[in-house]
Amino acid sequence: MTTAQHPIGSGFGASTTAAEVLRGIDLSGRLAIVTGGYSGLGLETTRALAGAGAHVVVPARRPDTAKAALGDLAEVDELDLGDLDSVRDFAGRFTSSGRRIDIVINSAAIMACPETRVGPGWEAQFATNHLGHFALVNHLWPVIAPGARIVSVSSRGHHFSGIRWDDMWFERGYDKWQAYGQAKTANALFAVHLDELGEPSGVRAFSVHPGSILTPLQRHIPLAEQIANGWVDENGTPVADWFKTPEQGAATQVWAATSPALAGMGGVYCEDCDIAEPASGEPLPSGPGRPAMFLGVRDYATDREQAARLWALSAELTGVNAFA
Ligand SMILES: NC(=O)c1ccc[n+]([C@@H]2O[C@H](COP(=O)([O-])OP(=O)(O)OC[C@H]3O[C@@H](n4cnc5c(N)ncnc54)[C@H](OP(=O)(O)O)[C@@H]3O)[C@@H](O)[C@H]2O)c1
């Protein structure tokens, strides 16, 4: 059954932390895979899930860095989401271990990088943030347990672009923010169709906007652009007080992955630890200490027809579809 794209009154909000949403929740005996689980929001997600008793597997493109960040908090393996052979190999190693998965949180991403091509010439943000995760979940599907949840970490950046069906690879000129927007819309649409396919097996999918948080994600944004955006000063010191902390930023993905309040629901886009409102396309006007910003979810990011179309295209491009 389709879940309404409207808040449910979760009792949590923008300042809730991942540890707070897990209070009273015991994840002992559960296994979670967290991509990007060694940096920024992924690292806080790993800490929170492990703190609640889950065994966390972190597939990393820099395993040594991941091991240094995580110590014995999580199991680390190798995965480059921009390389489909690497995705298949990681999934093969995991599935042959004989274990089942209860939670997948697709947190890894790159943002607004200079024009980069991977694989057969694919635009790197779409390929890494969407196609890599698409292939990963489809390869892992046989070992995803009934009752599992899969969380696609999208962004309010999805407001920058829907799927560019007529120029997906930016052959008519590259725009780093539109490319991020398209990839983050794809993350949301992936959850919509995965939820539809997974529901009969008791597997539900969600997408989330975590909030705005200063993390290494901003590494490709020149300092001058960050200053112009009102994020930092000329020394790189944060000046905005509307950013969430990483612990708050991890909360919505952890909430979507574990909250009993979402039982029987799926396919929706969440923010601030609740289901988000549909958005008009106009940014929310600036408020005290906060610039104008987009909130809520655009209809093109929850559209079931576009979600099915994107799924079919992604299956064709990656050569993997667990539901074919
Ligand atoms: N921070 C924000 O304000 C914000 C806002 C909205 C949405 N988000 C979303 O939140 C998620 C987490 O972002 P974050 O702020 O935690 O960023 P982050 O600290 O940069 O973490 C991103 C992670 O993704 C990994 N990654 C990048 N490319 C990869 C690849 N090819 N293969 C495997 N892993 C790869 C990175 O690994 P390396 O460190 O090895 O590169 C890193 O561990 C992202 O999906 C982002 O779009 C963030």
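## Close-up views of a predicted model

**View 1. Val57, a residue of strand S2.** Welcome to the first stop: Val57 lies in strand S2. The model shown here and in the views below is a predicted one. Is Val57 buried or exposed? Its relative accessibility is 1%, and because buried means under 20%, Val57 counts as buried. Leaving aside residues up to four places away in sequence, Val57 touches Leu31, Ala32, Ile33, Val34, Glu75, Phe90 and Phe94. Thr46 is 11 residues from Val57 along the chain, and the C-alpha atoms of the two are separated by 8.6 Å.

View 2. Eight strands form an open sheet with mixed pairing, and their order is S3-S2-S1-S4-S7-S8-S9-S10. Which strands stand at the edges? They are S3 (75-78) and S10 (274-275); each has a single partner strand, so one side of each is left without a neighbour in the sheet.

**View 3. The S10 end of the sheet.** Here strand S9 (residues 269-271) pairs with S10 in the antiparallel sense, over two bridges. Look for Glu271, whose bridge partner in S10 is Asp274. Helix H6 (residues 176-198) packs on the sheet, where it touches S4 (101-106), S7 (144-153), S8 (204-209) and S9. The direction of H6 makes about 160° with that of S8.

**View 4. Helix H3 across two strands.** Helix H3 (residues 63-70) lies across S2 (55-60) and S3.

View 5. Helix H10 (residues 304-318) is 15 residues in length, and from its first C-alpha to its last it reaches 21 Å, close to the 21 Å expected at 1.5 Å a residue. Which residues of H10 are buried? They are Ala307, Leu310, Trp311, Ser314, Ala315 and Thr318. Seen down the axis of H10, these buried residues fall within an arc of 135°, so they line one face of the helix. The buried residues of H10 pack against helices H4 (84-95), H5 (124-140) and H6. On the face turned away from the buried side, H10 carries the exposed residues Glu305 and Glu316.

**View 6. The two ends of H10.** At the start of H10, a side-chain oxygen of Asp303 comes to within 3.1 Å of the backbone nitrogen of Glu305. Beyond the other end, H10 is followed by Gly319, which has a positive phi, near 75°.

How values were computed: Residues are numbered from 1 along each chain as its sequence is written. This is a predicted model: local features need pLDDT of at least 70, side-chain atom pairs count only at pLDDT 80 or more; totals for chains, interfaces and linings use all residues. Side-chain values use heavy atoms; hydrogens and water are left out. Two strands pair if DSSP finds at least two bridges between them. Helices (H or I, at least four residues) and strands (E, at least two) are DSSP runs, numbered from the N terminus. Contact means heavy atoms within 4.5 Å. Axes are lines fitted to C-alpha atoms, for helices over the stretch in contact, and angles run from 0 to 180 degrees between N-to-C directions. The expected span of a helix is 1.5 Å times one less than its number of residues. Buried means under 20% relative accessible area, exposed over 50%, partly exposed in between (1.4 Å probe, protein chains only). The arc is that of the directions from the helix axis to the C-beta atoms. A polar contact is a pair of N or O atoms within 3.5 Å; within protein, one must be able to donate a hydrogen and the other to accept it, and residues adjacent in sequence count only if both atoms are side-chain atoms.
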